[in-house]
Amino acid sequence: MVHLTTVGDAFHGRVVMARLGADGILAELRGAVGGTYPLAGLVDVYVDAQEADAARHLLLADAVDAVLVDAHCSAAPTGEPPRRPGAGRPHPRWAWLVLAALVLATTLAWAL
């Protein structure tokens, strides 16, 4: 086993290990991992020596993809932040009808 990377905590280490495992690369965590209470501390990720290059390329490709997605999402032609689909549209009519029916039913229940 050879050292691949060091991450800040056990959760991040498990995420890296799961990402590698999704592509068939077995990984091992060493350091502040396990135990009854989650302790803060550095965690080392180790992989088999034959799979080290493939693991490095996989993590590098994921890092590049994350940067490109962030750059794409944050760049808007008008200078405004990107909006989620459907934002700013009014609610469908049926939602207003359901709300009106609930208000009417509540009013009638209090009146009787």
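1. **Basis.** This is a predicted model, in which local features need pLDDT of at least 70 and side-chain atom pairs count only at pLDDT 80 or more, while totals for chains, interfaces and linings use all residues. Residues are numbered from 1 along each chain as its sequence is written, and side-chain values use heavy atoms, with hydrogens and water left out.

2. **Confidence.** pLDDT is the predictor's confidence in each residue, from 0 to 100. The protein has a mean pLDDT of 79. In all, 72% of its residues reach 70 or more. Confidence is highest in E3, at 92, and lowest in helix H3 (residues 93-111), at a mean of 77. Where pLDDT is low, the predicted coordinates should not be read in detail.

3. **Elements.** The protein has 3 helices and 3 strands. Helices (H or I, at least four residues) and strands (E, at least two) are DSSP runs, numbered from the N terminus. Along the sequence the pattern is β-α-β-β-α-α.

4. **Sheet.** The 3 strands form an open sheet in the order E1-E3-E2, paired antiparallel. Strands pair if DSSP finds at least two bridges between them. Strand E1 (2-7) and strand E2 (27-31) are the edges; each has a single partner strand, so one side of each is left without a neighbour in the sheet. Neighbouring strands are turned by 30 degrees against each other on average, direction ignored. Axes here are lines fitted to C-alpha atoms, for helices over the stretch in contact, and angles run from 0 to 180 degrees between N-to-C directions.

5. E1 and strand E3 (residues 43-47) are joined by 5 bridges. Thr6 stands opposite Asp44 in E3. E2 is also joined to E3 by 5 bridges. There, Glu28 has Tyr46 as its bridge partner.

6. **Helix on the sheet.** Helix H1 (residues 10-22) packs on the sheet and touches E1, E2 and E3. Contact means heavy atoms within 4.5 Å. The direction of H1 makes about 165 degrees with that of E2.

7. Of the 112 residues, 14% count as buried. Buried means under 20% relative accessible area, exposed over 50%, partly exposed in between (1.4 Å probe, protein chains only). In E3, 4 of the 5 residues are buried, so this strand is largely enclosed by the rest of the structure. The largest nonpolar core has 14 residues. Such a core is a set of buried Ala, Val, Leu, Ile, Met, Phe, Trp, Tyr and Cys residues joined through side-chain atoms within 4.5 Å. Those with the most contacts inside it are Leu4, Leu20, Ile25, Val45, Val47 and Ala55. E1, H1, E2, E3 and helix H2 (52-74) each supply at least two of its residues.

8. **Val45.** Leaving aside neighbours within four places in sequence, Val45 contacts residues including Val2, Leu4, Val16, Leu20, Ala27 and Leu29.

9. **Phe11.** This residue lies in helix H1. Phe11 is exposed, with a relative accessible area of 62%.
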